[in-house]
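This report walks through a structure for a reader who is meeting one for the first time. Please keep the sequence and the 3D view at hand while reading.

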Amino acid sequence: MTNTLHRYGKAASFDDDYIVFCIPSPGRNDEGAVEKQKQFLRICARHDPANMGNGNRGSFKPERRLNPTAHWRRGADPDWEGVIAEVKKPGTAAAVFDSREKAEACLRDVIEADLGLSVNISASVEGAQEVAECCGIHRHSVEYSLGFADPHDHLPNSQILQLSTMCGHGMVSFNMARKMLDMVREGRRAPEQAAATLARFCPCGVYNPDRAKRLLEEARRRTA
Amino acid sequence: MLINPDKCVACANCVPVCPMGAIYVDPAVNRATINQDECVECGACFRGMSQEHLNPTMVRTVRALAKFFRFRFEPEPDVCPTAAFEMNELAMPRLIRRVFSDPVVEHKSTGIKGRGTEEVKTNDVNPRVGIGEVGYTIEFGRPGVGVRFRDIQEMTRALAKLDIVFEAKNPISHLMTDKSSGTLRADILDEKILSGIVEIRSALDRVEAVCETVSAVNERIDTVTAVGISTRCGEQGEDKSLAPLLADLGFAYERAKTNMGIGRVTNTQQKEAA
């Protein structure tokens, strides 16, 4: 889940980006972990997440047999139940929220459920700390992102980086992010359609389509 | 990864999809083609794109007509209309590309998906980084650049000279033939991957040396790096050691992954042993 750590942006840009995930540790708390992960995801689903994933698939999923009519009326609704049902083995289960309040409410319910799994929040440093304090718990450990170092000038502009780095496995390419940005600017796609397209490339379900939609809307009104 | 030339209609939808920019339409054959040396076998094209199963001849005819009349049409941008991508069987050393680049492939060394280990995500039930200690995840190649193992070895060899410990279960540590020198297996050095993560631990007083080394080596290797640096918090959730040190060293950090400390050992055998 280093894939949720290095997202490009200033702390304020993560106000609508809180990832809550649970993970078992093999040999220590992985007995019955599949059912616990499902329970975790069911709790998350109650708090209006922007996306959810089980490590194998997210709630926005590519289709293997797309009907050609999809070119005119393609659905972009998240599939929470599919994500929950397809947890098959112990791994990481994650949910993305677009506000601190939702992440906080979710964590409260997760604490009450007492699953025994480790629970982490990827967000701005202060954001995660505030969630912990509001839920009456203390941070155990923290991993800071020191950001991207690019001495050879490989990286594109900040708009592209903010969109593409939300898939921490690098499945959302710079060129695809740029293409969606251009399609939104040219009025060929709505921001929510472009955001859903990008989210489908992230198999872990940690891509935040709500933040992407906001970034695309902001980008539409100004030039890169 | 392969593109079936009998199915491909050269629509180019897949060209921007590739994180490595390894796909292009070859005008000589009018088919999408993969630069196999640049392809990291991540599966973004095969898995990330939705598929239709249209008749290739029919699609080529429609495209040729639209092209003749200069029509601009608006297909869904993440769809392969003829399901032309095929994931082929790979053998070592090329297989290592898929193992490191495809996020749904599990590493045998860690038993988990992804390029790293549990890091401090399970530090509350599986202590790795204690108070006064620092854990590092040094990631190469992401976003969008990729890295060859030869360049990763440049870093591991430099780090091995410092007073650090390579995380034993990390996939890259697993590929070392000599941990004391940071030397990797020779047969994989030219292989390119989307991203790799070196994990180490050190005492707090080594942070400056490690960060300086990473920065200096990054100047010599043609890729991007991203460092994650972690520690155990105090009883009240405070970090009075690493955060002030990073501030003193001039590092700004906006984002963190925070272990909330609510995990516990629940496996029957482990509880009995405790």
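## Chain B as a whole

Of the 274 residues in chain B, 57% are buried, where buried means under 20% relative accessible area, exposed means over 50% and partly exposed lies in between, with a 1.4 Å probe and protein chains only. This is a predicted model, in which local features need pLDDT of at least 70 and side-chain atom pairs count only at pLDDT 80 or more, while totals for chains, interfaces and linings use all residues. Residues are numbered from 1 along each chain as its sequence is written, chains are lettered from A and ligands numbered from 1 in the order in which they are written, and side-chain values use heavy atoms, with hydrogens and water left out.

Chain B holds eight helices and 15 strands, these being DSSP runs numbered from the N terminus (helices are H or I with at least four residues, strands are E with at least two). The C-alpha trace of chain B spans about 70 × 45 × 35 Å along its principal axes. If one takes the contacts in chain B between residues at least 6 apart in sequence, 76% of them join residues at least 24 apart, a contact being heavy atoms within 4.5 Å.

Ten strands form an open sheet with antiparallel pairing, in the order S2(A)-S3(A)-S1(A)-S4(A)-S15(B)-S5(A)-S14(B)-S7(B)-S13(B)-S9(B); two strands pair if DSSP finds at least two bridges between them. Strand S2 (51–53) of chain A and strand S9 (165–166) of chain B stand at the edges with a single partner strand each, so one side of each has no neighbour in the sheet.

Strand S4 (residues 118–124) of chain A is mostly covered, since seven of its seven residues are buried. Strand S1 (residues 18–23) of chain A runs antiparallel to S4(A) and is joined to it by five bridges, with Val119(A) as the partner of Cys22(A) and Ile121(A) as the partner of Val20(A). S4(A) also pairs in the antiparallel sense with strand S15 (residues 255–259) of chain B, over five bridges, and here Ser124(A) stands opposite Arg255(B).

## Two helices of chain B

Helix H4 (residues 149–160) of chain B has twelve residues and reaches 16 Å from its first C-alpha to its last, close to the 16 Å expected at 1.5 Å a residue, a span worked out as 1.5 Å times one less than the number of residues. Among its buried residues are Phe149(B), Ile152(B), Met155(B) and Leu159(B).

The axes of H4(B) and helix H6 (residues 207–220) of chain B come within 10 Å and cross at roughly 150°; axes are lines fitted to C-alpha atoms, for helices over the stretch in contact, and angles run from 0 to 180 degrees between N-to-C directions. The two helices, H4(B) and H6(B), are therefore roughly antiparallel, as angles under 35 degrees count as roughly parallel, over 145 as roughly antiparallel, 65 to 115 as roughly perpendicular and the rest as oblique. Residues making the contact include Met155(B) and Leu159(B) of H4(B) and Val210(B) and Val214(B) of H6(B).

## A buried arginine in a loop

Arg74(A) lies in the loop between S2 and helix H2 (80–85) of chain A, and at 17% relative accessibility Arg74(A) counts as buried. Not counting residues up to four places away in sequence, Arg74(A) touches residues that include Glu63(A), Arg200(A), Glu76(B) and Asp78(B). Arg74(A) and Gln193(A) are 119 residues apart in sequence and 9.0 Å apart in space, C-alpha to C-alpha.
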